[in-house]
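Visitor: Please show me the structure, and let me ask how you reach your labels.

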Amino acid sequence: MQLIDGKKTAAEIKDEVAAEIALLKDKGGKVPHLVAVLVGSNGASITYVNAKIEACKKVGMHSSIVRLNDTVSEKELLEEVAKLNNDKDVDGFIVQLPLPKHISEKKVTEAISPQKDVDGFHPSNIGKMMLNLPTFLPATPYGILQLIERYNIETNGKHCVVVGRSAIVGSPVANLMSRNSYPGNCTVTLTHSRTVNLPEITRTADILIVALGKPEFITADMVKEGVVIFDVGITRKADSTKKSGYKLFGDVKFDEVAPKASFITPVPGGVGPMTIVSLLKNTILAAKGKMES
Ligand SMILES: Nc1nc(=O)c2c([nH]1)NC[C@@H]1CN(c3ccc(C(=O)N[C@@H](CCC(=O)O)C(=O)O)cc3)C=[N+]21
């Protein structure tokens, strides 16, 4: 079993991104600027947004946070989005999800200019992704692809089983793994809550990507020997023995499943840190104006 060290790979990619930004500066170019919009005070959201800003600082990228109270109206948030769309100094921005219930995530996502949508969540960017046209890939799927490449994991002709059909992970990663390129060329099965006999299907997976948000859902009897596993789930549970006050759980029951896997991502330190570097990479693309058409 080999551990896929997302934290280490993310650190390596951050060094590369830092070098690219230094080069941009040398050439007298503009330093990319990423803005994160954070609504309310969800603990996990604050952690993730802070991690994104920290990563920007580390690589020499400009960043800022727009913090809004969770009582903000949908109209006010849409006005903030319009402001960022029109701000020439801002290359890319994200609106951290989830949003409070009174705000439509769909409306907000659709209001973001596709050229600044470094999350890759806008319908036109998802459409481009489906057609294999240049666009911002959604950060988590992009992070998984980068891990596959850097660990030289064979994907051609493999059976990739995706568990979970969310718009930001399961659905796009299933599409990307079926692409006619590397990483890709997989036979993909996209499973979800209505799937009958899930363990029968997951047992046939050469590559298993789990993005459900159900802690320790995948058990040893659900996988075959030699499987490659990407565990996207990340659930916090209160734990008073931890300094942070919580312990993180993936969707995979790591201790019993890992011995059967050829490669596996841990939680934390697996896919999560890669999501953040994908965002940095997308912001550089945005700053270079690569997605203008
Ligand atoms: N507009 C938007 N874009 C997102 O990309 C987005 C989002 N909303 N909402 C929530 C999810 C989740 N997400 C994570 C990012 C980093 C870690 C990460 O760095 N995790 C660390 C642990 C961090 C901790 O201590 O909690 C790790 O896995 O090692 C995890 C999850 C981005 N998301």
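Here is a short talk about some labels and the values behind them.

Guide: This is a predicted model, where local features need pLDDT of at least 70, side-chain atom pairs count only at pLDDT 80 or more, and totals for chains, interfaces and linings use all residues. Residues are numbered from 1 along each chain as its sequence is written.

Visitor: Why is Asn 132 called partly exposed?

Guide: A residue is buried if 20 or more other C-beta atoms, placed from the backbone, lie within 10 Å of its own, exposed if 12 or fewer, and partly exposed in between. Asn 132 has 13 C-beta neighbours inside 10 Å, so it counts as partly exposed.

Visitor: What makes Glu 216 partly exposed?

Guide: Glu 216 has 16 C-beta neighbours inside 10 Å, so the label is again partly exposed.

Visitor: What is the phi of Glu 216?

Guide: Phi of Glu 216 is near 55°, a positive value. Asn 132 has a positive phi of about 60°. Most residues other than glycine have a negative phi.

Visitor: How do you know where the ligand lies relative to domain 1 and domain 2?

Guide: Domain bounds come from an automatic or database domain assignment. Domain 1 (29–113) and domain 2 (139–272) both give residues to the shell around the ligand, so the ligand lies between them.

Visitor: Which peptide bonds are called cis?

Guide: One runs from Leu 97 to Pro 98, with omega near 0°. Another runs from Val 267 to Pro 268, with omega near -5°. Most peptide bonds are trans.
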